[in-house]
Amino acid sequence: MRPRHYIAVINQKGGVGKTTLAVNLAAGFALRMPTVLVDLDPQGTAAAWASLATDPLPMQVRHLADGFDAREPLATGEEVQAVLVDCPPTLDSTAVVEVLQAVDKVLIPVMPSPLDLWSSLRLAEAVEAAQQVNRKLQARLLINQMETRSALSGAMEGALREFSIPTLRTAVRRRAVYRSTAMDGLTVFQAGKLGAPARAEINAIIDEVQA
């Protein structure tokens, strides 16, 4: 069975907030439809996050560092509408290649600096190669950890225009609630009023991805 939404979150560079985004996006999807987050990182960060949860997360979390069939992410008869894949921070992995050739969309979180964006050039090449096999694959850059009162620099805007992958309109701000909820094994959807701005960001991203 193929999910209605099949999305990979990937960047070969560490420290860009990939897992934080994957977990919160999966939680946002789960409030709209049955959702599974597949943790393909050998370190199992998303699975460890879920194990800390004092309240159940709204989505299923599966750590499948080995034995994941990207072409058939769901068991026969399983009624899941959204599958998000938290990929390992590398391109030198058969699993990552298979995921890119199987998913419908890929989100690439990048920090708001030209240097971080340029470090993802190899990933853009990998996406383009996957699109030769997977014609339905759509890729989007997702700017993460924007400072609340700052705009993108001219250099960053120029770098984005030169990049072959479009950028989502919604950027994720640098907010303490993303870090504090992670420490408790929770998501921003369980953070009450404090999490409202972050929830709005995540929901806006989901709206864009579903459009």
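Predicted model: local features only at pLDDT ≥ 70, side-chain atom pairs only at ≥ 80, totals over all residues.

Start with the open sheet: six strands in the order β3-β2-β4-β1-β5-β6, paired in parallel. At the edges sit β3 (60-63) and β6 (138-143), each with pairing on one side only. Going from one strand to the next, you'll see a twist that averages 20°.

Now zoom in on one pair. Strand β1 (residues 5-9) and strand β5 (residues 105-110) run parallel and are joined over three bridges. Look for Ala8, which stands opposite Val106 in β5.

Next, the helices. Helix α1 (residues 18-30) packs on the sheet and touches β1, β2 (35-39), β4 (82-86), β5 and β6. The direction of α1 makes about 170° with that of β4. Then there's helix α8 (residues 196-210), which lies across β1, β5 and β6 and runs at about 140° to β5.

What about the nonpolar side chains? In soluble globular proteins, these tend to be buried together. Here the largest nonpolar core has 37 residues, and Val85, Val99, Val106 and Ile108 touch the most other members. Two or more residues each come from β1, β2, β4, α3 (94-100), β5, α5 (121-133), β6 and α6 (154-162). The largest share, four residues, is from α5.

Conventions:
Residues numbered from 1 in each chain as written. Heavy atoms only, no water. Pairing = 2+ DSSP bridges. Axes fitted to C-alpha atoms, helices over the stretch in contact; angles between N-to-C directions. Contact = heavy atoms within 4.5 Å. Core = buried A, V, L, I, M, F, W, Y, C linked by side-chain atoms within 4.5 Å. Buried < 20%, exposed > 50% of the residue type's maximum accessible area, 1.4 Å probe, protein only.
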